[in-house]
Structure formats: structure tokens, C-alpha cells
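Visitor: Please walk me through how to read a few features in a model like the one below.

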Amino acid sequence: MADLHEARKLKGKDINELTSKETGNGILQETELNNLSRGMNTAPSTSRFLVARVNDDENEETDQPPVSESESEPAPGKPAKQLDFQILDSPKSPKSPYDSVHFFGGTVSPNDTYGYNNSCETHMKTFGKNTVEAIPHVDHYRNLLSATAALKSRPTLAELHEEKEEEVIRAKQREPLLASEENLVEESAANKATAVKFGWIKGVLVRCLLNIWGVMLFMRLSWVVGQAGIGLATVIILLATVVTLLTLISMSAICTNGEVKGGGAYYMISRSLGPEFGGAIGLIFSVANAVAVSMYVVGFAETVRDLLKANDALMVDETNDIRIIGVLTATLLLGIAIIGMEWEARAQVVLLGALLIAIFNFLIGTFIPPSQEKVLKGITGYQGTVFLENLGPKFTEGENFFSTFAIFFPAATGILAGANISGDLKNAQRDIPRGTFLAVVISSITYIACAWLMGSCILREASGFEPVHVTALMYNSTQNMTVDIVNITLDVVNLTSGVGVSVIDQARNCSLGKGGVCTRGLLHDFQAMELVSAWGPLLTVGIFSATLSSALASLVSAPKVFQAVCKDRIFPKIHIFAKGYGASENPRRAYFLAYFIGVAFICIGDLNAIAPIISNFFLMSYALINYSCFDASLANSPGWRPAFRYYSMWLSLVGALLCIAVMFIMNWWTALITFVIVCALFVYVHYSKPDVNWGSSTQAHVYKNALNTTLKLISVEDHIKNFRPQVLVLTGAPWTRPELVDFVYSLTHKISLMVCGNIIVGTQTDNLRHLHGSRPKEAYRWLNQRRVKAFYTLNKQALRSVRLSVYPVSNNVGIGKLRPNILMMGFMSRWNDPDVDQCEVEEYVNIVHDAFDLEYGVGILRLKERLSCETDPNESEPIEDSVHHEGDPDDRHPKVRFKLTRKHDEEDKRPSSPSSPTMLRRGSSSSGDSEAEEKDVVVDMPAEVKPNNFKQNIRNRFAKKQKKGTIDVWWLFDDGGLTLLLPYILSTKQYWRSCPLRVFAAGTKRGEIDREQRQMATLLSRFRIQCEKMTILSDIGRSPSEESMKNFEKLLEGWMLDEDNGETSEKYPWKITEEQKLFLKDKTKRNVRLRELLLEHSKDAALIVMTLPVPRKSTCPAGLYMAWIETLTKDMPPILLLRGNQSSVLTFYS
């Protein structure tokens, strides 16, 4: 690197390198320019390096500001400018060639991290200049589907690793990775024009406080204290707080594990547990919030109705007044919500102010000495005796701790109010935990304080005796008044004059109450808090604020959550509600939907039955939030990295169980209804399989369980009874040979492993697009659409030989015990075509040899009409396929269209057999995709499959129930039983159950046919394999007819070794010598004779399974072996030539 430090010329002038000076304990980096006529001065930069800019003005002073980048660009044809800087704190001498790094480029900018400059070469020397590499940036990790603008992207591995193509690389337009000051200004200006976002106070804290400080605080807390006493009421509040805090801890862990978008609880649950749980909760949570609007509005309307009734100002009647007021109130709230979130937030702040005034009004009222009238109603002021009396519980008939807790707990269901508008928060990851935690703490303290204050100054039961009314009665009475009434009047006079029994004792005397029972106090008066307050009407304002704020929050939450559900398209026909309006993406359509749902329930009027279900819906959401945190922690996925560290998976589990327990405590039948609804929605989403991938913990568990089970399977010893046919089928791209896929899947369906292998032939560079591109995704998409449970693999290294490409796939596919033991492929039907290179036939036969070497069983399937694809299979892409397995009652036909990609570059014109192991051939075309164009073309089929045969072929005979026929098993040689086992498995499948087995076996001696038949029947019986007919072929050893032999001889034309023309076995190993032909004459005659027997016995079978002849190495050439197979299979029904690896796969031992 010494040449890096050499002096270079720029327009004939030298630029010296930077110098360093020792300053104190450090080294002060300083720029010096000793050029005679050119200056360089430093410019401020957001990068970590001090970058100097070069000025073009030769007479410019060095202390002047730098010129613009446009002025510093070099003229065309001129050499690039050079910049030097030294590495900070370099231990080396400034004169060391390793201390300084040179930049070459027309513009010196810290933003140009890619350094593409057409005027000079790319030297790739530094981070800041002339390199394809990109430093880490947030855009590189964004979800492309959520991007609202163009994103920066890191270079691909191919761009870094492949051979550099200057014109292609320079054509790529790269954005600067480091934002310049101009970009920062533009970005900040753009952010100002975007939607209004709320911080943690206005967006979370205020909303949660308004929902938690609801009607429960003003109208039900006194009853809870009266029933449970101060002690147990505190326990009830703390227990509810524990449930909410555990849920909040789990929610904080989830929402700090990644960016949280709109949808609140739905978003967190769906991204953690998947669309099944998320979709179910999202739907019921939205409905629950919409119905909650009506519940809160009816509560407000009832309060207004009572005020109208007290002043004798009812509009119609009590019920219809509630409906009228409720509809008007809901309409007003809808208008506030539609105007925008900013106005809604302002309204919430106003309502919070009113609520706080009401609470302080109550607090002040507890210190004001009560009047005698209030004392009779149970308001005593602070007294120790009252506190001690109210300390313990006093449950009335039918009430207990759990029923009281069930009444109070809905007050704690407001913690998701802030999370529900997560999409409108500035920083949801920070705002949700901070605002919700503080809201829970403040509200819990408020509830406990109010409970203690009420228990200290209000009697549990008070008579509510009204002496004023009784006195008035006394003076208006006639002289005929009875003695009892006079006595009561005298008691009242004594009470008011301070003579006789104390006022508190009279308040405790329930016999003085209306009807002889107490009607006031904590247990009986829901307005007790209003009596205590300094000014009662302010409590009414607080109740108004509580109901309206809760209704407004629910009216906003329901559409926001529902909009998120609709955007994800989990459920059909609801995506129209996903549309947002304005910068804030206001879901106006969803607002109207929530409004109409709320109005419908408002018109019902009585919501006492629906209220418990709403609370259970909220609790189910809490339970799933806790379970989401537990499940994500249990899955132990590397992607689970919450910034919130104060969580525990076991606390989350306890929180989930507590929520479920509270559901049943509150109301067991509503809890069951909630579970039924959630399960129904879960099952629907699970079977509809929405096209989403959120990296849920459910996916992590699938991997973890599969890994643990696979590892456990390694320690399990193999046993014959547990043998399963695990098949590697050479399909190529699966959609090119659907018959082969469907046939093998009929064998492996629900019992064993199936792997579709795609063999790509050519050079590694030319096939990177197929090796690492989207082909696996397309294959799995096609398999899933066809409901085929199978894996897909291809050779990771493209080689020029089919055999060399198949071998590593066969040797390395699978893991542990999940490895194929059978190789299945289609027959090379064009092996004898003059256009086919005989080397490919040799490779095809060698694949069989290699499979036997790897101890595979081998199967070769041949159809009379051939397999589907008659084009280059790897050039086609699936358009649509409507054939399905298991549950497709109709025989629907797939469209015969392929999307072909044709390159303009030269391609290898050598054809490949469509039925042979799939290969992808490429010439020396460029690997870039920019030179390829895609067209929809019609596939030109050979004459053999046009038109009727092709139509029958595309119908795919193996993807539907087979017609009446038989499965003929020609078990000629003992291969371990595989030839018998696979047909039996096939006969048990849905599509083949109507096809009974017929077994054919070879006889050894003509006179012992009966004995051999009994032996075979006994063997089949012990194997527990039933067959319709069992036949021993006694004449299998007879010589074939002369015509059959002549037909066989025709197959050998062109495959005999022509030694007269200099052909040798070493150069043409696939050709047949006379010695080999004579040596294998008996096997040839046997195979020809087998064809005659096949035509005699099995020409009408639905499927033939026959023992595959084994080619001996260096003895049976490829030409002769293919002639044998051609003889056995030509013009036959679907036939599978199958051979095991000579290991037993059947046993009759238990």
C-alpha cells in the first residue's frame, strides 16, 4: 500500500497529506494545505470523520467557506480530485503509508457511501467513498409493505460477491445513506405536514385515567366498601391492580419488542400469537368497544333523565327519554371523533379537568362538618368508631367477596385506552408503558384513598330518617291523630332540640327508615359520595365527565382496532372499512359502523345483560396479552428482545390464569360464551389461512417442537414395523409434473415424508436467480394451493452434469431420521429419440446406479400419455391450478398456461427430455434480470399428446378418485417387500380404495404351482395384506414370440457399438457390444416375455406395480437397460417399476 502515499497530480498541482500534532494526551487532527494555488478546508459533517472539501477557485483563501458540490465537480475527461485523511488515534507515524486513506471522486460528501462516479474508477477503499458496501441504517430493516416513501436498501450478496459489471452497477441509482443537512430539513418539514401524533400524557395517561375513573368511582365504590369493608375493599382494589399490572408488564414487554402500529391490543396479540388469536380478539374487541359506547351513553342518559324527572321535565317518558338523549349524545360524540383526533384529545382533556374537580370536591367535602340532615343519611364526618365499624366485611344475602370483586373489576378494564390508538402515538414503544403504568398507579391510589375516606365518614347503614317532613306532618295533622303519631312527633322534637337519643344513634336505627329498613349509607345509597362532597352538583358533573369520556374513548377505540383488522384482510368482505381519511388515516367508515352499532343497543335501553359479556371480552384480551408474553418467552426465539426488561414469563402466565379466573368469577356463563366465540373465530381463521406472516411465537414453537422431535427421533432405533416410505421425487418445478407429485403424495399422505427435487444443470453463475431466487416460494405456494404436504429442494450448486447434480441432493437431502429412502422419477420417454443426446440417457441410468449405491429404493413411473410438461420446466411459472387433494369434490381443470421467461442471449438449444429428471440448462447468458423479458405464451405440445390425450393428461388422473380397476402387483423378486408394501398403502388411500390388489408371482417349477401358490397365500396372510386374486405365473420361463423379439431388436438400433467405425466401449459406454448382448440374452428374453404376460393379464388395470430390473455395473449398458424398461412399460396402463434396497420392510411379528 505504499503507492497510496505517493504524491499525485491534480491539474499539475500537488496536495499534501494531512498532518497530525501532539496536543496534551491526545492527537489533534488538523488539516494543512500546502498547495501553491488550490485550497482545501473542512466542512461540518454528520459523519464521524472530518472530511475536507476541495475548492476549485485557485485564488480562494483556505479560511473561506467551501464551495458547493456542483462547483467542485471535475470537468469531463479530467482526473478526479484526491482527499486524504488520517485515522483517528493512529499509533503509527504520520508518514506511515497506513495512516492516510485517499478518496477519489468528483464530490467530497459524507453522504456518498456508494461512490458511483462515472468519471473515475471505483477503488473501494474507504467507508465514506467508492464502495458498494452500506453502513447500518434503519431503512434496511423496515418492512417494505409499511413503507410510505422510497427506502434505502443494502446491496445484495450477489452485488457484493459476483463478478463486477461496471455498466450494470453504475446504472443503479443509490441514495446517500447518511442524511445531509438538507435532507434532514426536508424530512422535518415533511413530518410537520403529517398526521397529528400524541405524547404519553395526552395520548395514554389522560385516556387511561378517564376510563379507569369511571362511574364506578362515583356510584359503586361506596357499595363495595359497604359490602367488603375497608380492609377487603382494599384487597379487592389491590387484586384488580395486580391483574392489570401483570397485564401491563406483559404489554410493555410486547410493545417494546418492536415497532407498534395501529390496532392496540389486536396488533400486539396478532403479531405475537398469530392471526388466529389476533383476528378473534380484534373482532370481538372492536364489537365490545362499540357496544360499550352504548353502555356509557345510556349511563349518561339515565342521569340526565333523573334530573329531568326531578324537575318534572320529561320529554316523553322515562324509557324513550333515555333513547332520545342517548342517540343525540352518540351523534355529538361521533361528530367530535370525525372532526379529528386532535379535537377528540382536547375534549378528553376538558372532561379530565371536570373529573378532577369532582374528585377534589369530594375530598374537600369530607373535611366539612355534616349537617344533622346529612347525619341522618349516614354522613358522620371523620370518626374512629365509624372507621372501626366499616373495617370488616358485612356481606348481605347473596353477596360474597367474589361477587363484590366482579362488580368492581370492570373499573380496571380501561388500561387499553391508550394502546388502542397506538397508531396515533409519537412513540408507542415508550408512551404505552409509561402512560399506562402511571395511570394504573394514580387510579389505584385514588380508589384506595376514596375507599378509606368513605369508610371513615359514612355509616354502612343509615335510616335516612327525615325529621323535617315528619314535623310538617305533625303541624298539618288533625285533632283526631292517633297517639302513636304524636309519640313519633315528640321524639322528633326531642331529637331536633338535642334532648334524648343522639342523631347518629337515630341514623343507625333502621326501624326509623322508610318501610322500617335502612335506605341510606354505604350499602344502600349509590349517591353517598355526592352527599359527602362540598357541592353535590359537581359530582353530577363528574359522572357526566366519566360517562362521556369513556363513551368517547370507546367510540374512537372500536374503529381504530377494526380498521387494523380490516387492513390485514383476515376476514372477508370487511376491507372496505380499512380506508382512512386525512393525514391521520381516520377510519370514518368504521366510525359510522361503530355509531350504528351503539345506537342500535341504545335503542334497546337495558344493557344489564350485555354488560358482563363486554367485561369478559376485555378480560379475554388481557388474558391473551399475558399469554402472548409467556408464549414468546417460552419459544425463546432470538427475535424476542424486549427493551422492557422487568418482566417474567411466569408472571405473565399467572396474569393470564388470573384473567381467566376473574372471567368465571364475574359470570360463568358469559365466560363460556366468550370462549365459544373466540374458539369459533380461531377455527375459522386457522382454516381460512390468511396470507400473512408476522413472525409470531406460534411459528417459533413450530420450529422448536420440530427441532426437539427430530433430535429425539435420532435416539430411536429403526424397526421394520415403523418403516415408512420417505420419497425423494424428481419433479423439477412441481407444477411441471403434477401427475408425479400427486401419485407420490397418494403414497405419503399423512404417513411419511415427501420431498420434491428440482435439479438445475449449468454453471453456478448463470443459475443464481433460480438457486437463490423466488423459485422455492413459488414451489411451496403451488404445493399449498394443491394441498400437497411436501418439501421442496434443489441442488445448491449447479453442475454441468445431471448425474452430478442429482447425487448431492440424494446424498444430503433430509436431516436425522427424516431422510428419503426411495428415489422416484418419471421415465425418460424420449430416450430413443434421435434428437436426444445419448449421454443424457447414460446419465439417467447412472442416477439409478447412484441411488442403489446410496441404498435407496428406486421407482420409475410411466404414463401412456407421458407427464405434463413438454417444455423447459424451469422456464415456466405457475399461473393457476385448481386441482386439490382431500376435500375437492369437483374435478376442476387447471388452466393450461405457463409464464415463460425468454432471454435474448444465446441459449443452449439442446433439448432435454420432459420426463427425465428435471434439469435446467443455460447457456452463457448474463445473470442479470434486466435483460430478460416475460411473456405469456401457449405451450406447443408434441403430436403424441394433442389434443385429447393432453386434455386427459391435464385432468390429472391421480388427483381424483380412481374408477373401477385393479392394482396389479408383479412381485417377481424379493426386494425386501417394498414392491408389495407400496401398492398396499396405495389401496388404503381415499382415491384408490375402489381398486383391489391382485398379486402376480413367478413360478419356479411347473409341477409345484399349487404348493407355491399356497406358500405365497400364506405369506400374504401373515403379512396381513389382503388381495382379490393371487396368481403364480407358471409359464414365465417360456421363450417370447419372434415378433416380440423383433420389436425389441428395433429398439436397439443406434445403440449397438460400431467397432468398424472406431467406436470403443470406453468412449461410448452406453452402447451395447455383441458380447454384452449375448451375455444378457436370458434377461432380455425374460423381460420380453414379461411384456407379453402384462398384455395378457394387466392391460385393463388401473395401476401396475412391477419389480424393477437391477442393472449390474459395467455389465448392462444404458442402451440395453432402457430397452428393457421400454419393453416392459410401452403402451401400458400407468406402471410403476419399483425396487427396494433388499432390506426388509415387511414383518409378520408383532
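Visitor: Let's begin with Met754: is it buried or exposed?

Guide: First, some housekeeping. This is a predicted model, in which local features need pLDDT of at least 70 and side-chain atom pairs count only at pLDDT 80 or more, while totals for chains, interfaces and linings use all residues. Residues are numbered from 1 along each chain as its sequence is written, and side-chain values use heavy atoms, leaving out hydrogens and water. Now the idea: buried means under 20% relative accessible area, exposed over 50%, and partly exposed in between (1.4 Å probe, protein chains only). Met754 has 1% relative accessibility, so it counts as buried.

Visitor: Where does Met754 sit, then?

Guide: Look in strand E10, residues 754-758. Helices (H or I, at least four residues) and strands (E, at least two) are DSSP runs, numbered from the N terminus. The C-alpha of Met754 is 6.1 Å from that of Leu728, although the two residues are 26 apart along the chain.

Visitor: On to charges: how many salt bridges does the structure hold?

Guide: Side chains of opposite charge can pair when their charged atoms come close. The rule used here asks for a side-chain nitrogen of Lys or Arg within 4 Å of a carboxyl oxygen of Asp or Glu. By that rule the structure holds 19 salt bridges. One of them joins Asp850 to Arg803, with 2.8 Å between the closest N and O atoms. Asp850 lies in helix H28 (residues 838-853) and Arg803 in helix H27 (residues 802-812), so this pair ties together parts that are 47 residues apart in sequence. Asp850 is buried at 9% relative accessible area, and Arg803 is partly exposed at 30%.

Visitor: Which residue does Asp968 meet in a salt bridge?

Guide: Asp968 meets Arg998, at 2.7 Å from N to O.

Visitor: What about Asp1035: what is its partner?

Guide: Asp1035 pairs with Arg1089, their closest N and O atoms being 3.0 Å apart. Here a loop between strand E18 (1029-1033) and helix H32 (1042-1051) supplies Asp1035, while Arg1089 comes from helix H34 (residues 1081-1097), 54 residues away in the chain. Both Asp1035 and Arg1089 are buried. There is also a network of salt bridges that links Arg305, Asp306, Lys309 and Glu318.

Visitor: Which residues form the nonpolar patch on the surface?

Guide: Patch members need over 30% relative accessible area and no salt bridge; like charges are joined within 9 Å, and nonpolar side chains (Val, Leu, Ile, Met, Phe, Trp, Tyr) within 5 Å. Areas come from the Shrake-Rupley method with a 1.4 Å probe, and for residues only the protein chains shown count as cover. The nonpolar patch is formed by Leu356, Phe360, Leu363, Ile364, Phe367, Ile368 and Tyr382, with about 670 Å² of accessible area together. Tyr382 sits in the loop between helix H10 (372-376) and helix H11 (384-389), and at 35% relative accessibility it counts as partly exposed.

Visitor: What should I know about phi at Arg787?

Guide: Most residues other than glycine have a negative phi. Arg787 has a positive one of about 60°, although it is not a glycine. Its place is the loop between H26 and strand E11 (791-794), where Arg787 is partly exposed, with 38% relative accessible area. Ser1114 also has a positive phi of about 60°. Ser1114 lies in the loop between strand E19 (1103-1107) and helix H35 (1118-1129) and counts as exposed at 78% relative accessibility.
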